[in-house]
Amino acid sequence: MAAQSKLRLLPPDRTMKSIFSQLTTLYLKHRTKISRTVYLTLFFALLNRIRSAISEQKAAAVRQETTRQRGSTTPGHGEATKRQKVELNREFFRNLFRLLKICIPGWKSKELRLLISHSIFLVVRTLVSLKVAAMDGALVSSLVRGKGRDFLMGIVWWMLIAIPATFTNSMVRLCSFFAAWLC
């Protein structure tokens, strides 16, 4: 026969219910002080995080400046060389058309068709993404305002838009696959 333990965690006059009741009463008595302390602690934690982020940005800017100064000087002259600005001039377009002639051999080639289809699907995906974002906003708005019918209709339209969105994403991936396969 097992002996019962004589060790008790709580005195016989105190139960968990009485302890919980006392803690609740104590919290309600000092609720404003506790709330203010929590808010101040969170505020100071936020200030500390902002301060450390700013110091990290300053250190990164200093590192970038030192690497720029080291990389832009030539070993023999000691002077910083000037960077050339990129311009959209006649030479740029001439080089671009030369590259396009290499990439696209003819007007009836599969490379041109692939480039056009890929571009079209990217534009369509952008338009579908904008529509989905607008619909998401309308769904959240109707949910917050408690308009159940509008919310359900929005969900139905969102599901209907999901079909061409999925097709468009698949076609973008497929065009990318074929472009990689052709190269």
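What pattern does the protein follow, read along the sequence? The pattern is α-α-α-α-α. That comes to five helices and zero strands, where helices (H or I, at least four residues) and strands (E, at least two) are DSSP runs numbered from the N terminus.

Some ground rules. This is a predicted model, in which local features need pLDDT of at least 70 and side-chain atom pairs count only at pLDDT 80 or more, while totals for chains, interfaces and linings use all residues. Residues are numbered from 1 along each chain as its sequence is written, and side-chain values use heavy atoms, with hydrogens and water left out.

Now the whole protein. Of its 183 residues, 9% count as buried; buried means under 20% relative accessible area, exposed over 50%, and partly exposed in between, with a 1.4 Å probe and protein chains only.

Next, helix α4, residues 110-145. The helix has 36 residues and reaches 52 Å from its first C-alpha to its last, close to the 52 Å expected at 1.5 Å a residue; the expected span is 1.5 Å times one less than the number of residues. Buried residues of α4 include Leu112, Phe121, Val128 and Met135. Ser117 also lies in α4, but is partly exposed, with a relative accessible area of 22%. Ser117 and Met171 are 54 residues apart in sequence and 8.9 Å apart in space, C-alpha to C-alpha. After α4 comes Gly146, whose phi is positive, near 80 degrees.

Last, the second largest pocket. A pocket here is an open set of points on a 1 Å grid over the protein atoms alone, where a 1.4 Å probe fits, with protein on both sides within 12 Å along at least five of seven lines; lining residues have an atom within 4 Å of a point. Which residues line the second largest pocket? They are Phe97, Leu100, Lys101, Ile104, Pro105, Gly106, Trp107 and Leu112. Leu112 is also one of the buried residues of α4. Helix α3, residues 90-103, gives the most to this lining, with three residues.
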